[in-house]
Amino acid sequence: VIRPSAITVNGIATLGPPGTSSEAAGRYLSDVLDKSEPTPVTLFDTYEDAAAAVIAGSAGRLLVANAYHAISTFYMDPRFGLEQAFVFDTAHYGLAARPDEPLPLNVRAVTHPAPRDLIGQLVPAGYRIGAVETVTSTSAAAAQVRKGRADVALTTSTARRIYGLEFISPTRCIRMLWSVFVPSLGLTGAVR
């Protein structure tokens, strides 16, 4: 039985670092939960780290994008229950590069695994994507490009701005379903 009113620990745990779509969705959820005082949103390196914070009691809710390849882990974990789900559009995604570096025609890209298919949709004419490395978030991808570890990042407009990158491609948002998990108070509906 999930009883949101029984949640005594305030806070939403989700994927960071700053600039992720998860952070934006967390801020949206925070506003929806309480208009008078925002619920704090804490960012973690992985959704699994965010889940550990909820299990440890340092946050009351876990927010996960349904595009995340391992979301079933949280649905199946008896320590969590689904409190709610909502639709929230992401910031615009695009391929971003450092403005002070010329790009080779065969570029090395970095992205979070979930939106990887967007790379082929967004690559501008005249460029070819060579190797694609995956990291824990699209914001982390932007940080990799800023550090010179890749040529382009599939990232959000927010992370692009944070890391001083420029979009070299068209951009688009993703209509995304988000799941909010809370600590479970026990399993219900079990067949005996």
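Visitor: Why is Phe181 called buried?

Guide: Phe181 has a relative accessible area of 1%, and buried means under 20%, with exposed over 50% and partly exposed in between, for a 1.4 Å probe and protein chains only, so Phe181 is classed as buried. The model is a predicted one, in which local features need pLDDT of at least 70, side-chain atom pairs count only at pLDDT 80 or more, and totals for chains, interfaces and linings use all residues. Residues are numbered from 1 along each chain as its sequence is written, and side-chain values use heavy atoms, leaving out hydrogens and water.

Visitor: Why is the pair of Tyr75 and Phe181 called edge-to-face?

Guide: Rings of Phe, Tyr and Trp (its six-membered ring) pair if their centres lie within 6.5 Å, and planes under 30 degrees apart count as stacked, over 60 as edge-to-face and the rest as tilted. For Tyr75 and Phe181 the values are 4.9 Å centre to centre and 85° between the planes, so the two rings form a pair and the pair is edge-to-face.

Visitor: Which residues form one aromatic cluster with Tyr75 and Phe181?

Guide: Phe74 and Phe80 belong to that cluster together with Tyr75 and Phe181.

Visitor: How do you know that Pro124 is buried, and which residues does Pro124 touch?

Guide: The relative accessible area of Pro124 is 15%, so Pro124 falls under the limit for buried. Taking contact as heavy atoms within 4.5 Å, Pro124 touches Leu95, Ile168 and Ser169, not counting residues up to four places away in sequence.
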